[in-house]
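This report describes parts of one structure in plain terms. Please look at the sequence and the structure below before reading on.

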Amino acid sequence: MATKKKSQFNRTGLYYFAVESRQSDSSLSRKSIHDVIISLLPRWRSMSLISKKPYEDLAKQEKRLRMLNNENVDTPIIPSSEEATFIETNCQENLFLNEFFSSNLREIYHRDLFFVTFQIFCRTDDEDGGDYYPAEMAIMKYSFAQSVREEYFTIMKPEKFPLGYTGTVIDLSRQTHQIPPFDFIGANGDYERIWFEIERILGQIDSKRKIIIFCHAFEREQTKYLLNWLASKANRSSRKKVIFEIYSFEALVVAVLRRLGIGDYAHQSVREQLHRPVYTLQIKERCVYHQSLAIQYCARVINNGFRLFLDDFVRQRFLDLLPEEKSIVEPMKSLAIGRGSRFVVPFRSPSDSPVFVNNIGRGRSSIGFSVSSR
Ligand SMILES: [Zn+2]
């Protein structure tokens with residue numbers, strides 16, 4: 001509903017090229033997108049098809065997404081049992097989060113929130129166990145007062161895929177994150193280390209306390225499964241079991257807006273906002289691997305989309321009600337922009353050389369889009 005405002009130009013490949021250029025080139029950053037497009041037009045016309053392709057792909061993806069959204073709007077849906085469960089879960093989330101955010105506003109403004117995003121190679125069918133095979137993970141500690149406090153992200157080495165899933169794995173990788181599923185040297189198989197980093201960011205894990213994690217609504221089950229899987233992989237027989245409670249980012253935003261007295265929005269409207277290129281593109285926030293690929297599927301980018309959404313959209317509403325926080329916010333804000341937060345690069349690609357995606361088997365187009373733009 002909120003995205004009805006129509007822009008005056010088509011979201012073509014050129015548009016995405018202009019958005020990226022404006023983000024990376026400070027001389028363009030103050031110009032309107034329309035002016036940037038006009039000034040880049042001659043360069044765009046002289047670019048090769050290969051170098052245009054990532055932007056054309058983004059335009060296609062966006063168009064498909066819009067079509068799907070429209071389809072959802074126009075078709076009255078009879079909920080399946082799965083959808084009914086989904087709606088039911090959302091209602092329970094609302095109740096829980098009303099309680100979770102019932103304390104005073106200043107406390108909520110300073111509270112640490114945790115975002116966890118996984119990308120996967122596949123989920124096996126229920127009759128095969130319904131297991132998830134991870135490809136990438138990212139965790140972020142966030143507060144309204146300080147924005148990103150800490151983050152960690154890594155490409156993950158999956159365990160051996162079960163028989164019969166190779167095709168699914170290759171397809172999913174190709175259509176989404178493009179992380180090579182087999183023998184990828186950049187993949188991190190040190191699960192104990194990954195768990196250590198997660199624990200470090202979560203801080204003191206007290207077995208009695210439930211740990212609240214936020215992720216996309218459609219990934220709640222996946223996130224819970226993979227966090228528990230990592231915890232068990234880390235082989236800490238001495239430790240008591242950690243209990244993760246997973247809630248959707250959509251519900252988080254809606255609950256905070258409710259708490260701020262702004263209104264009661266649909267979760268869907270948060271999802272629609274998150275699909276906007278400003279949240280999905282985030283070229284500077286891509287992980288080392290996804291930096292060289294012009295695709296929006298990067299776990300780190302997804303967490304940073306959450307961050308940007310809260311920084312942009314929700315924080316100002318807090319400040320309207322907590323004017324005394326304004327004076328504290330400014331210096332911290334610049335700290336966050338200046339990458340003051342600590343993050344760990346998951347692996348070093350040999351001397352910044354482009355990362356090649358050879359073993360997905362995409363033939364010629366697998367040259368990837370190497371980091372030559374600098
Ligand atoms: Zn990534």
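Glu250, Ala251, Val253 and Val254 in helix H9 meet His267, Val270 and Arg271 in helix H10; contact here requires that the C-beta atoms of two residues, placed from the backbone, lie within 7 Å. This is a predicted model, in which local features need pLDDT of at least 70 and side-chain atom pairs count only at pLDDT 80 or more, while totals for chains, interfaces and linings use all residues. Residues are numbered from 1 along each chain as its sequence is written. Helices (H or I, at least four residues) and strands (E, at least two) are DSSP runs, numbered from the N terminus.

H9 covers residues 249-259 and H10 covers residues 267-274; their axes come within 8 Å and cross at roughly 110 degrees. Axes are lines fitted to C-alpha atoms, for helices over the stretch in contact, and angles run from 0 to 180 degrees between N-to-C directions. H9 and H10 are therefore roughly perpendicular to each other. On this scale, angles under 35 degrees count as roughly parallel, over 145 as roughly antiparallel, 65 to 115 as roughly perpendicular and the rest as oblique. The H9 and H10 crossing is right-handed. A crossing is left-handed if the near helix is turned anticlockwise from the far one by less than a right angle, and right-handed if clockwise.

Helix H7 (residues 191-202) packs against helix H8 (residues 220-233) at an angle of about 115 degrees, and their axes are 8 Å apart. This crossing of H7 and H8 is left-handed. On the H7 side the contact is made by Tyr191, Ile194, Trp195 and Ile198, and on the H8 side by Leu230, Ala231 and Lys233.

Two helices can be set against their expected span, which is 1.5 Å times one less than the number of residues.

| Helix | Residues | Length | Span, first to last C-alpha | Expected span |
|---|---|---|---|---|
| H1 | 13-24 | 12 residues | 17 Å | 16 Å |
| H4 | 81-100 | 20 residues | 28 Å | 28 Å |

Burial is judged by counting: a residue is buried if 20 or more other C-beta atoms lie within 10 Å of its own, exposed if 12 or fewer, and partly exposed in between, with C-beta atoms placed from the backbone. H4 is hardly covered, with 2 buried residues among its 20. In H1 the buried residues include Leu14, Tyr15, Tyr16 and Phe17. Of the 374 residues of the chain, 32% count as buried.

Strand E3 (residues 147-155) is mostly covered, as 7 of its 9 residues are buried. E3 pairs with strand E2 (residues 132-143) in the antiparallel sense over 8 bridges, where pairing requires at least two bridges found by DSSP. A hairpin of 3 residues joins E2 to E3, and Ser143 stands opposite Ser147 in E3.

Phe309 is found in helix H13 (residues 299-321). Phe309 counts as partly exposed because it has 19 C-beta neighbours inside 10 Å. Not counting residues up to four places away in sequence, Phe309 touches Gln273, Leu274 and Tyr279.

Most residues other than glycine have a negative phi. Gln178, not a glycine, has a phi of about 60 degrees, and with 20 C-beta neighbours inside 10 Å it counts as buried. Asp183, also not a glycine, has a phi of about 50 degrees; with 8 C-beta neighbours inside 10 Å, Asp183 counts as exposed.
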